[in-house]
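I set out to record what I looked up in this structure, entry by entry. The model comes first, and my notes follow.

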Amino acid sequence: MSEAASLFATLRQSADADAVDAIERLVREAPDRDLCRVNALAFAGRHGLNEQRVISAFLHAAQLGLFEMSWNVLCPNCSGVLDANASLKSALSQDYCAFCAAGCEPTLDENVEVSFTVTPRVRHIAAHAPHELPFADYVRQMFFSSGVDLPDDYAQRMERVMLDAVELPAGEKAQVSLQLPAGSIILFDPVTHAAHYFEVKGEPTSERRTLSIAYGNVKAPTETSELPPGPVRITLDNRSPERVLPGLWIYGDEMNDMIGRRRPFLTAKHLFTNQTFRDLYRTDTLDIDQRLKITSLTFLFTDLKGSTDLYERVGDLVAFDLVQSHFKVLQEIVAQEAGAVVKTIGDAVMATFPTPGRALSAALRMREAMVGLNRQGSNEDLLLKIGIHEGPCLAVSLNERQDYFGQTVNIASRVQGLAATRSILTTAPVVQHPEAAAILQAGGLRPTGQQRSVRGVAGEVAIYEIP
């Protein structure tokens, strides 16, 4: 048995069989470019598979060494990869995209992509040696993220939007001579992300203009030059220690149409709310002093009402078994709703979800599940209080686990503290979210709202109870 076959046999022991079969076919049959920075969500959609099971399968595959997981900081405008990291610990706190002149402060919501590339031990692909990729392939596989839905005729379109491109080894110079047409032209290197803009306008001229552009270790400020249409000679000087690939792009409708289509991709935030990821990588995500912003995350807190009385009434052993059964059910529901349990505190659970709709769906299922457990025991021992809130937060490393910090977390916890027996309490951002509103409408549920004081929050907060 080959090493790859042995690894896939091991993978089948921990991941969904259909997902593993699809991944194995990908490794065996797909062209090289499809094995570089695999978009797990697009892969699941293309094969009609459950997204969470596919993500889990890729995570286990990365753990086994079938794939390398990459944390890519993206430009929020063009979705170009500003920085690729083997770990989120090394992700930059900020960067700059010269291609579209947009500043970027990474948030986990949209600007940090997680992708998977097959390892050389399983199959060697061209992207394993990116310094050898031709210009168009480098741009496709190394510069643009998996969230850019490039067209099938990418190669033909690149020929139409490119005036010229140069492969310039370290320490070498080259000259490019051409006729500049009227319009906007970008001289862009996808390796160093350096760009120079040309606004070509006015009366055409036959006089040759000359320019010099140097590439070094330090990113030079993006500049714009105004030139008339006509001949130009550009001297390119590569002072960096690596090959550069400067190319002259025609900025217009053709280019915007080629690179402007987007598709969903696996974000760091999405991964943080995946239970498999938390189980496999709980101590290897963030440095102790690293703080990364999440602009929107939904927190769900639960607690058992009267658990102290429960232990006194039925005894420690029976009560412990009941509480553990409740934990198991809650954890299964959280995972099924694309969430993750951050931690348990006594008889309480703190969980995160990518959207309010997922959290609300989980809460409704939790409430029904407790009814079922109580029915099995012919008692009302398990009375669950639930609070949900959505908002911005910081992802941090705390007590050797990936955790969250901020007012959103505090409010979610305190909303749960306001809940009575079997209550599901939420805030306005939750019930007003379109996905959550659709769930409430489909279930014929009408939340009742009231203004409540929440400790640590100035003024009163609109709190909604889900019947």
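**Entry 1. Basis.** I worked from a predicted model, in which local features need pLDDT of at least 70, side-chain atom pairs count only at pLDDT 80 or more, and totals for chains, interfaces and linings use all residues. I numbered residues from 1 along each chain as its sequence is written, and side-chain values use heavy atoms, with hydrogens and water left out.

**Entry 2. Helix H3.** I took helices (H or I, at least four residues) and strands (E, at least two) as DSSP runs, numbered from the N terminus. H3 spans residues 40-47, and I found Ala40, Leu41, Ala42, Phe43 and Ala44 buried in this helix. Buried means under 20% relative accessible area, with exposed over 50% and partly exposed in between (1.4 Å probe, protein chains only). I then asked what covers the buried residues of H3. The cover includes helix H2 (17-29), helix H4 (51-64), strand S5 (112-118) and helix H8 (268-272).

I also checked both ends of the helix. At its start, a side-chain oxygen of Asn39 comes to within 3.0 Å of the backbone nitrogen of Leu41. Just after H3, I noted a positive phi of about 65 degrees at Gly48.

**Entry 3. Aromatic pairs.** The rings of Phe, Tyr and Trp (its six-membered ring) pair if their centres lie within 6.5 Å; planes under 30 degrees apart count as stacked, over 60 as edge-to-face and the rest as tilted. Phe58 and Phe67 form an edge-to-face pair, at 5.3 Å centre to centre and 80 degrees between the planes. I found both Phe58 and Phe67 buried. For Trp71 and Phe272, the ring centres are 6.3 Å apart and the planes stand at 65 degrees, so this pair is edge-to-face. Trp71 belongs to strand S1 (residues 67-74) and Phe272 to helix H8, so the pair ties together parts 201 residues apart in sequence. Trp71 counts as buried because its relative accessibility is 3%, and Phe272 counts as buried at 0%. I also recorded a cluster in which ring pairs link Phe43, Phe58, Phe67 and Phe116.

**Entry 4. Three-stranded sheet.** I traced an open sheet of 3 strands in the order S7-S12-S10, with mixed pairing. Two strands pair if DSSP finds at least two bridges between them. Strand S7 (173-180) and strand S10 (209-215) are at the edges with a single partner strand each, so one side of each is left without a neighbour in the sheet. S10 and strand S12 (residues 230-238) pair in the parallel sense over 7 bridges. Opposite Arg209 I found Val232 in S12.

**Entry 5. Five-stranded sheet.** I traced a further open sheet, in which 5 strands follow the order S6-S13-S8-S9-S11 with mixed pairing. Its edge strands are strand S6 (162-165) and strand S11 (223-227), each pairing on one side only. Strand S8 (residues 183-189) and strand S9 (residues 194-200) run antiparallel and are joined by 7 bridges. Which residue in S9 is the bridge partner of Ile186? I identified Tyr197 as that partner.

**Entry 6. Cysteines.** I searched the whole structure for disulfides, meaning pairs of cysteine sulfur atoms within 2.5 Å, and the search gave 0. Cys75 counts as buried at 1% relative accessibility, and Cys393 counts as buried at 6%.

Key. Contact = heavy atoms within 4.5 Å. Polar contact = N/O pair within 3.5 Å; in protein donor to acceptor, adjacent residues only side chain to side chain.
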